[in-house]
Amino acid sequence: MIVARRKPLSEIEAMLQDLSRVLIVGCGTCVAVCQAGGEKEVEILARQLRMRARLVGRQQRFDEITLPRQCDPEFLEPLTSLAGSYQGIVSLACGAGVQLLAEQFSAIPVFPGLDTLFLGVSESPGIWSQRCRACGQCILHLTGGICPKTRCAKGLLNGPCGGTHFGKCEVDRETPCAWTLIYERLTKLERMDLLERILPPDDWNVVSQPARHALPRQFEEKLARS
Amino acid sequence: MATSFRQVLQTKQFVVTAEIGPPKGTEIAKLQDNVSKLRSWVDAINVTDNQSAVMKLSSLAACRVVQEAGAEAILQVTCRDRNRLALQSDLLAAWVLGIRNVLCLTGDHVRIGDHPQAKPVFDLDSVQLLQVVGWLNQGRDCVGHPLEGATDFFPGAVVTPGAEPLAPQLLKFRKKIVAGAKFFQTQAIFDVDQLKRFLDAAQPDGIPILVGIVLLVSPRMGQFLNENIPGVYVPESLLDRLASTPKDKRVAEGIRIAGELIHALRDGHLCRGVHIMAIGREEKVPEILRAAE
């Protein structure tokens, strides 16, 4: 899932200081799971902003709504009738959600309430870690299910650098060295042959920025018919 | 230059290289002075490439200065700061400017250097960079396009003999040989037994290994290396030896320690030579070598 964290209150407050009617829009998918932008977080942010407005004597109104998903126009429908009565919208979605909102409601300024961090997994309650760089050329079958592009600080494809130290990374001694993990996993799987293989550099053209993806036409037509 | 570093490695019994760091700025007088002090003592001089991810004068320009001052340079190239276009284009530039030896490294991460906000590049890794050097030598670039004029670099690589665990490091060591490394310079060694364990496991066969020698100047420096530099191990006995030496004599004692180590490596035929990293005290390299006699 996409992992994000709430921006500091002061930063959000500064974006909104000149607006009197603001709608805070949560997203019920990834960012709700990582406790950054779901219904509960929308409520918390709204209360914090109301409190700050009262403290500094600003006349501001903050309303709340949480959509199941902000990255799909279909799910933005409920906002169509609401949006016009606000001077600004704070989106507590990932950067993709914020942009779709801004695109769909282009007459109203949309503000990001989160900083989007990475594609990752839940490690343990309250801790998430990055697992995928969305490179478009998955090699996990060659590296024991551990992505060196993402989990090695340098994205090295052919073994550890000289900074590896007792299984930890030179950049952060708390972070495991991806290549030590890969080495251990492939040894356990008795796939030493994969360790000997020299992997070529990434093809950055596969997912070149800004990327776009379409299903094959036949498949799309089939979907349209069904 | 009478004999090239490539030839020296084939013919000379014990080869010596030393490392010089380019200045942070444009003042090259000290660099030139150090080269003039070292050139009759060493077979080649490595020039570091934004070492420790600290921004300095480029290795390429400093290599040219080294060669103009009468020594043969080994251009250190890291993958941290340049993508594959820039790396190849700088390698061609190096060849045109008369640089013949290239040491391919991954490079320290920007986060440990003086520009931690910079974008870390690592478009290639050190193994892939060695392959690229091989292709440039064959007259084509990394996508197969022909070059108008090829290079003929002598490519080398690095290895950390004291890496823990050692097995993944050995995996990379072997890949570097397959990718075209013709010589290795190692991370600092202070303990001959640690080197022997590496050599037993690595079986480097004919590939020349120049063992890294760092000039220790205080017990604090030794502790710092032990605590902060992965794969570097300064034995307690050396730390004690420096601690019991009066402060004003510690540099001299460090020179003796380095000299004894070089002597032991040469006498024991453990490696093809040494690579001296005197970190900021490059002018001491001749004294270290005299102490190794």
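## Aromatic contacts in chain B

The charged end of Arg100(B) sits over the ring of Trp95(B), 3.6 Å from its centre; a charge counts as over a ring if NZ of Lys or CZ of Arg is within 6 Å of the ring centre and within 35 degrees of the ring normal. This is a predicted model, where local features need pLDDT of at least 70 and side-chain atom pairs count only at pLDDT 80 or more. Side-chain values use heavy atoms, with hydrogens and water left out, and residues are numbered from 1 along each chain as its sequence is written.

**Ring pairs**

- Rings of Phe, Tyr and Trp (its six-membered ring) pair if their centres lie within 6.5 Å, and planes under 30 degrees apart count as stacked, over 60 as edge-to-face and the rest as tilted.
- By this rule, there are six aromatic pairs over all chains.
- Trp95(B) and Phe153(B) form an edge-to-face pair, because their ring planes meet at 85°, with centres 5.4 Å apart.
- That pair links Trp95(B) in helix 4 to Phe153(B) in the loop between helix 5 and strand 5, 58 residues apart; helices (H or I, at least four residues) and strands (E, at least two) are DSSP runs, numbered from the N terminus.
- Phe173(B) and Phe198(B) are also edge-to-face, since their planes stand at 75° and their centres 5.6 Å apart.
- Phe5(B), Phe154(B) and Phe183(B) make up one aromatic cluster.

**Burial**

- Phe153(B) is buried at 1% relative accessibility, where buried means under 20% relative accessible area (1.4 Å probe, protein chains only).
- Phe173(B) is buried at 2%, and Phe198(B) is buried at 0%.

**Another charge over a ring**

- Arg266(B) lies over the face of Phe14(B), 5.6 Å from the ring centre.

Definitions and conventions:
Chains are lettered from A and ligands numbered from 1 in the order in which they are written. Buried means under 20% relative accessible area, exposed over 50%, partly exposed in between (1.4 Å probe, protein chains only).
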